[in-house]
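Colleague: Could you please take me through this model, one topic at a time?

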Amino acid sequence: MQLSGKRVLVVGLARSGVAAAQFCARRGARVTVTDGKPAEALAPAVAALGGVATLELGGHDAQTFAHSDLIVMSPGVPELKEPTAARHAGVEVIAEIELAYRFLHPDATLIAITGTNGKSTTTALTGTLCAASGRPTFTGGNLGDPLLLAVDGPANQPGGLVVAEVAGFQLETCASFRPKVAVGLNITEDHLDRYGTMDVYTAMKNRVFARQEASDFAVANALDARVCAGARASAAATLWFSSAREVERGAFLRDGQVV
């Protein structure tokens with residue numbers, strides 16, 4: 001993906017927004033950052049940017065959205081009319097994890113973990129286990145370090161392991177995000193103020209499986225019907241677990257057999 005000379009708008013000046021702005025600026029993009037909060041409320045983030053971006057704070061300018069070449073959404077940003085209008089006008093709108101994915105080495109293993117509950121703990125545990133293997137490992141995503149920080153790190157190489165917690169907010173604006181291993185823990189009622197119905201919320205969560213291929217793995221909670229439906233719809237080989245104990249001892253079912 002070529003960013004040099006592109007007009008990139010980063011929406012949201014939290015940790016992911018700062019990482020996205022710096023990442024794009026390092027690659028020659030002309031970066032603008034917009035956030036609905038006023039400048040005084042964002043002083044630490046503004047300082048962290050180090051002057052790499054133009055700032056539009058305290059509101060959003062529809063013209064900036066419309067005249068961007070790429071819009072990068074930070075997780076947790078509420079639905080806004082400006083990116084929706086820009087998308088309809090042909091501007092690409094993507095999540096920070098989608099931008100990171102496009103720069104990951106194809107031979108690094110991306111492990112993406114989602115769920116309403118338990119995803120941070122599971123991601124941290126998975127990252128610890130991967131690091132213990134001796135292979136270069138990155139652990140982050142919606143947990144801790146933004147996924148973009150993996151791109152210039154030691155795990156972004158053949159044999160590297162990139163473990164990411166991903167949220168439905170992030171999966172909403174993914175266009176090609178395809179984890180080698182996608183893990184669905186559970187889907188229970190949450191964020192209905194944003195999604196309206198459980199069907200819509202479920203569809204967002206299960207996007208973690210949507211672009212997987214036959215050489216990938218979908219790891220799913222066999223006791224959660226919503227997760228099961230998403231995993232079964234994937235082209236990936238599916239591994240099932242049904243208890244925390246099975247996860248702890250690494251026992252999964254494939255075609256009815258423990259693997």
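**Strands, helices and salt bridges**

Modeller: Let me begin with two strands: β6 and β9 run parallel and are joined by four bridges. Strands here are DSSP runs of E with at least two residues, helices are runs of H or I with at least four residues, and both are numbered from the N terminus. Residues are numbered from 1 along each chain as its sequence is written. This is a predicted model, in which local features need pLDDT of at least 70, side-chain atom pairs count only at pLDDT 80 or more, and totals for chains, interfaces and linings use all residues, while side-chain values use heavy atoms, with hydrogens and water left out.

Colleague: What is the bridge partner of A112 in β9?

Modeller: The partner of A112 is A182.

Colleague: And which way do β6 and β8 pair, parallel or antiparallel?

Modeller: They pair in the parallel sense, over five bridges; two strands pair if DSSP finds at least two bridges between them. In β8, the residue opposite I113 is E165.

Colleague: How many of the residues of β6 are buried?

Modeller: In β6 (residues 109–114), six of six residues are buried. Buried means under 20% relative accessible area, exposed means over 50%, and partly exposed lies in between, with a 1.4 Å probe and protein chains only. In a regular strand, side chains alternate between the two faces of the sheet. Here T109, I111 and I113 point one way, L110, A112 and T114 point the other way, and all are buried.

Colleague: Let us change topic. In what order do the five strands of the open sheet come?

Modeller: The order is β3-β2-β1-β4-β5, and the pairing is parallel. β3 (54–57) and β5 stand at the edges with a single partner strand each, so one side of each has no neighbour in the sheet. From one strand to the next, the twist averages 20°; the axes behind such angles are lines fitted to C-alpha atoms, for helices over the stretch in contact, and angles run from 0 to 180 degrees between N-to-C directions.

Colleague: Over how many bridges do β4 and β5 pair?

Modeller: Strand β4 (residues 70–73) and strand β5 (residues 92–95) pair over four bridges, in the parallel sense. Between them the chain passes through helix α4 (residues 81–88), and this β-α-β crossover is right-handed. Right-handed says that, with the strands pointing away from the viewer, the path from the first strand over the helix to the second runs clockwise. V72 has I94 as its bridge partner in β5, and M73 stands opposite A95.

Colleague: Now the charged residues. How many salt bridges does a search of the whole structure find?

Modeller: The search finds nine. A salt bridge is a side-chain nitrogen of Lys or Arg within 4 Å of a carboxyl oxygen of Asp or Glu.

Colleague: Which residue does R7 meet in a salt bridge?

Modeller: R7 meets D69, at 3.2 Å from N to O. R7 is in strand β1 (residues 7–11), while D69 is in the loop between α3 (62–66) and β4, 62 residues apart. R7 is partly exposed at 35% relative accessibility, and D69 is partly exposed at 33%.

Colleague: And which residue does R15 meet?

Modeller: R15 meets D145 in a salt bridge of 2.8 Å, N to O. R15 lies in helix α1 (residues 15–26) and D145 in the loop between β7 (137–141) and β8 (161–165), so the pair ties together parts 130 residues apart in sequence. R15 counts as exposed at 52% relative accessibility, whereas D145 counts as partly exposed at 30%.

Colleague: One last topic: which residues of helix α11 are buried?

Modeller: In α11 (residues 225–233), V227, C228, G230 and A231 are buried. Seen down the axis of α11, these buried residues fall within an arc of 165°, so they line one face of the helix; the arc is that of the directions from the helix axis to the C-beta atoms. An α-helix has 3.6 residues a turn, so residues three or four places apart point the same way.

Colleague: What do the buried residues of α11 pack against?

Modeller: They pack against β9, α10, β10 and β11 (237–241), where contact means heavy atoms within 4.5 Å. On the other side of α11, A225, R232 and A233 are exposed.
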